[in-house]
Amino acid sequence: MKNKKIYFCITGSFCTFRQIIPIIRGLKESGNTVIPVLSFATAKTDTRFYKASDFIKDIEEASGNKAITSIFNAEPIGPQRDCDLLIIAPCTGNTLSKLCNAVTDTPVLMATKAHLRNNLPVLIALSSNDALSSNMQNLGSLMAKKNIFSVPFGQDDFRNKPFSLVADYTLIEASAESAINLKQIQPVLKQG
């Protein structure tokens, strides 16, 4: 996949942040334009995994573009109609729930709403501790919607976190290529 414009949206599953930097860099090095879009939590929260300002710096360096961190700056994505794919990686249970229920209160959700109104594909890389409980209904609902595609996912620690699902981040690029062609990569459920 090359010569595509991709909005790469990042929500607050902070433990996955180091995994997405090389993916963004790889997409850029393949000849794509990658523009990061950060949720408010991602842009402002310092954690044991990353200081917010350092993360923004690393994401902007990996993508070669300034991150979108406001709803105001995310809204024009729809009218511009210049994007091939929007990726949400990681997509938290909170974002999943809001997306399913048409809540638009973060830059990521505004970017997604703006992109979907143009009948274009959205790829979700799930990372949620409650995907197999409170959010299962939302996950099922989104998987049945037009233009919503998923990176294959599975249970990451079924003994200690029996309700958690996490996408296989090594499959984001292959999933993105399928989503651009309006196809869901298979199998979507990972074993083991």
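**Close-up 1. Lining of the second largest pocket in the predicted model.** By class, eight nonpolar, two polar and two charged residues form the lining of the second largest pocket. Nonpolar here covers Ala, Val, Leu, Ile, Met, Phe, Trp, Tyr, Cys and Pro, charged covers Asp, Glu, Lys and Arg, and the others, Gly among them, are polar. A pocket is an open set of points on a 1 Å grid where a 1.4 Å probe fits, with protein on both sides within 12 Å along at least five of seven lines; lining residues have an atom within 4 Å of a point. α7 (107-116) gives the most to this lining, with three residues. Helices are DSSP runs of H or I of at least four residues, and strands are E runs of at least two, numbered from the N terminus.

This is a predicted model, in which local features need pLDDT of at least 70 and side-chain atom pairs count only at pLDDT 80 or more, while totals for chains, interfaces and linings use all residues. Residues are numbered from 1 along each chain as its sequence is written, and side-chain values use heavy atoms, with hydrogens and water left out.

**Close-up 2. Buried residues of helix α8 (136-143).** Asn138, Leu139 and Leu142 are buried, that is, under 20% relative accessible area with a 1.4 Å probe, protein chains only. They lie on the same side of α8, because their arc around the axis is only 100°, taken from the directions from the helix axis to the C-beta atoms. Among the elements they pack against are α6 (93-100) and β4 (122-128).

**Close-up 3. Surroundings of Leu123.** Beyond neighbours within four places in sequence, the contacts of Leu123 include Ile87, Phe149 and Ile172, contact meaning heavy atoms within 4.5 Å.

Note on methods. Buried < 20%, exposed > 50% of the residue type's maximum accessible area, 1.4 Å probe, protein only.
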